[in-house]
Amino acid sequence: MSDPTAVPTARPGTGTRPAVLVLALSLGVTTLSLLQSLVVPSLGRIEEQLDISAGAAGWVLTANLLAAAVLTPVLGRLGDLRGERPVILGILAVVSLGTLLAIVTTSLPLLLVARVLQGASYGLFPLSMSVLRRELPEGRLSVAMSVVSSTLAVGGVAGLVATGLLTGDGGDYRHPFWIGLAVALLSLVLTAWLLPSRRVTGSGRVDWWGAIVLGAGLVLLLLPLSQGPAWGWASPATVGCLAAAVAVLAGWVLLQRRTTQPLVRPAMLADRRTVVPNVAGFMTGVALFASFLAILQYVQSPPGITGYGFGAGVLEAAVVYLLPGGVVGIVVAPFAGRVVGHFGALPTLAAGALSGIAGFGVLAGLREEPWLVVLAGVLTQLAVTVAYAALPALVVDAVEEEETGVANAVNSIARSVGQALGSTLAVTIIAGSLDPVTGLPRAIAFTLVALIGAGASAVVVVVALLGMRGDRRGGRGRQRDPLADVERATAGAGEWSPVSGIR
């Protein structure tokens, strides 16, 4: 008797044209990374145009990442229960509405609502992988996954360039969202036309309470980190939020233990084999945004006033200082996957993290020349690309076949929370070090952010080394079936975005 919750295997000859299907899914995945990267270079313009603090502007990133952490596993579960096609169409419709709201509003609260709605786009990638796995024969599956996965990188780089071109110096931060809206609507139309509808085989329910409690705990954790300088680090509000975050997240763990079909199985969180990729994903997410935000703010600082920086405009900051790292990520991602297959995921993860330590070291102490800052961006982006190439193989190796989807959802949460924490810490440190005379950050702020990134990369090295030591002691002799090898192949497919760092 077959398992009704199992993912159906692909069946050749279903009438689905692979090229057409890949086109529709690729455009949807492009929407995901495009919408995130559009706001990265324009945070300064958002701050100026909405007349808000840097800490408040940082929540334009953080709100999106928090939504991703909560919504990704929920949307994946809905795909199992309702079918991928209606869930993907629903996501694209919500994302289009959120992007339209971001265009028309001049209110920070409504912009944050728009970014939360756009956060639903993070569910597009795992759902797209599920569609490909079901619709295509195994012989074409790895190539199709490679094409769809690589569009994450393409969308991320395109978002950086589009923001630079459309925002420029003094342009409206809302202009780049028009590109995001156009791509989202085109993807919605193509998906409705081309994506086949299949019989739903999953059963069960969505753990809505688990998602709500998790979201509340994450907000309570990140809110005091972003508002600490304004509230005071020892103020009742800051301490109270942190204490409440601990209580709510502890309650979430208890809730998951008592739920028949939990959002996340608690035992998985404590398994050493899953702890390694989850901690590595979390720390890599922290490092990713520490790099982006530090470089963007630093290169746009006027040297005549601050004594540092290069006075770059938004376009120059995006194209000259961030784009090289994005291009390197696109080129390196497929080769990184091959290195994972040859040398193993943990040694590859450690080597990539060493590149991150080197890049953040350059950013911390050798940032006087523009080429050095570009080098720092390339090295840190290389670390992220290599890490995110190694993580899927670690997740697949860590769990039994039937738990692969759940394990990837947990890893997705870890990455998204790490990115949210990294963006919050970077914005908080930079905003908290303003010189009262110039109104601009002091140079020490960028050194501190770089050291945070270096520390996060160092933790990844330590975790990888501990994982290798544990493997030598316990062995990893479990045999994987060919379907697991297909999933592992996505690690070499450019699956991980060099801009957003998401799956």
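Start inside the protein: leaving aside residues up to four places away in sequence, Ser457 touches Ala287, Ala353, Gly356, Ile357 and Phe360, where a contact means heavy atoms within 4.5 Å. Ser457 sits in helix H18, residues 443–474; helices here are DSSP runs (H or I, at least four residues), strands are E runs of at least two, and numbering goes from the N terminus. With a relative accessible area of 6%, Ser457 is buried. The terms work like this: buried is under 20% relative accessible area, exposed is over 50%, and partly exposed is in between, with a 1.4 Å probe and protein chains only.

A word on what you're looking at: this is a predicted model, in which local features need pLDDT of at least 70 and side-chain atom pairs count only at pLDDT 80 or more, while totals for chains, interfaces and linings use all residues. Residues are numbered from 1 along each chain as its sequence is written, and side-chain values use heavy atoms, with hydrogens and water left out.

**The chain as a whole**

The protein chain has 19 helices and zero strands. Of its 503 residues, 56% are buried. Take the contacts with a separation of 6 or more, and 81% of them join residues 24 or more positions apart. The accessible surface comes to about 19300 Å², and carbon and sulfur atoms own 67% of that. Those areas come from the Shrake-Rupley method with a 1.4 Å probe, and for residues only the protein chains shown count as cover.

**More buried spots**

| Residue | Helix | Relative accessible area |
|---|---|---|
| Ser457 | H18 (residues 443–474) | 6% |
| Thr191 | H8 (residues 175–194) | 2% |
| Val384 | H16 (residues 370–398) | 4% |
| Val22 | H1 (residues 18–37) | 10% |

What does Thr191 touch, not counting residues up to four places away in sequence? The list is Ala24, Arg85, Ile88, Leu89 and Leu92. The Thr191 side chain also reaches the backbone oxygen of Ser187 at 2.7 Å. That falls under polar contacts: pairs of N or O atoms within 3.5 Å where, within protein, one must be able to donate a hydrogen and the other to accept it, and residues adjacent in sequence count only if both atoms are side-chain atoms.

Val384, over in H16, touches Thr284 and Leu288, again not counting residues up to four places away in sequence. The C-alpha atoms of Val384 and Gly329 are separated by 8.3 Å, although the two residues are 55 apart along the chain.

Val22 belongs to helix H1. H1 itself has 20 residues and reaches 28 Å from its first C-alpha to its last, close to the 28 Å expected at 1.5 Å a residue; the expected span is 1.5 Å times one less than the number of residues. The helix is mostly covered, with 16 of its 20 residues buried.

**Salt bridges**

How many salt bridges does the count come to? Two, going by a side-chain nitrogen of Lys or Arg within 4 Å of a carboxyl oxygen of Asp or Glu.

One joins the side chains of Glu48 and Arg45, at 2.4 Å from N to O. Glu48 and Arg45 are three residues apart in helix H2 (residues 43–50), so about one helical turn separates them. Glu48 is exposed because its relative accessible area is 55%, whereas Arg45 is buried at 14%.

Asp172 pairs with Arg174 in a salt bridge, and the closest N and O atoms are 2.9 Å apart. Both Asp172 and Arg174 are buried.

Leu165, Leu166, Ile179, Leu315, Val319 and Val320 make a nonpolar surface patch of about 440 Å². Patches are built from residues with over 30% relative accessible area and no salt bridge; like charges are joined within 9 Å, and nonpolar side chains (Val, Leu, Ile, Met, Phe, Trp, Tyr) within 5 Å.

Which helices each supply at least two residues of the nonpolar patch? They are H7 (138–167) and H14 (314–343). H14 gives the most, with three residues. Leu166 is found in H7, and this leucine counts as partly exposed because its relative accessibility is 36%.
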